[in-house]
Amino acid sequence: MARASVIDGARHSVRVVTAAALIMFTVFAGFFPLDDALIKPIAFALAVGVAIDAFAVRLTLVPAVLALAGRHAWWLPAWLDRVLPDLDVEGTRLQKAPEVEHKEPERVS
């Protein structure tokens with residue numbers, strides 16, 4: 001189950017991560033031709049950093065560590081589960097909520 005989740009997540013995120021990395025790399029590489037000695041090394045470092053982060057870390061290292069950790073990568077200690085807020089981003093709690101009867105407002109005379 002955990003391995004299938006890692007494979008499925010990697011399969012779905014490859015295009016997004018690659019596209020974002022290529023866009024950011026291109027933007028930072030656009031500063032290479034400038035003659036400004038201060039901007040050129042910063043742009044180079046950012047471009048290389050984005051490429052390393054996207055391809056070495058996000059697409060290789062993170063899925064490998066998650067696959068090696070197996071189901072333990074998804075474990076959350078009970079004390080931490082109690083401390084963290086319970087965010088319902090996708091609205092599943094609304095689907096489970098009982099339906100409420102809607103009453104017509106009473107007329108006040």
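Colleague: In which helix is I23 found?

Modeller: I23 is found in helix α1; helices are DSSP runs of H or I with at least four residues, numbered from the N terminus. This is a predicted model, in which local features need pLDDT of at least 70, side-chain atom pairs count only at pLDDT 80 or more, and totals for chains, interfaces and linings use all residues. Residues are numbered from 1 along each chain as its sequence is written, and side-chain values use heavy atoms, with hydrogens and water left out.

Colleague: Is I23 buried or exposed?

Modeller: I23 is exposed, at 55% relative accessible area (buried is under 20%, exposed over 50%, partly exposed in between; 1.4 Å probe, protein chains only).

Colleague: Changing topic, which residues make up the largest nonpolar core?

Modeller: Six residues make up that core: V17, A21, F28, A47, V50 and A54. Such a core is a set of buried Ala, Val, Leu, Ile, Met, Phe, Trp, Tyr and Cys residues joined through side-chain atoms within 4.5 Å. Both α1 and α2 give two or more residues to this core.

Colleague: And what is A47 in contact with, beyond its neighbours within four places in sequence?

Modeller: A47 is in contact with F25, F28, A29 and F32, contact being heavy atoms within 4.5 Å.

Colleague: How exposed is F32?

Modeller: F32 is partly exposed, with a relative accessible area of 26%.
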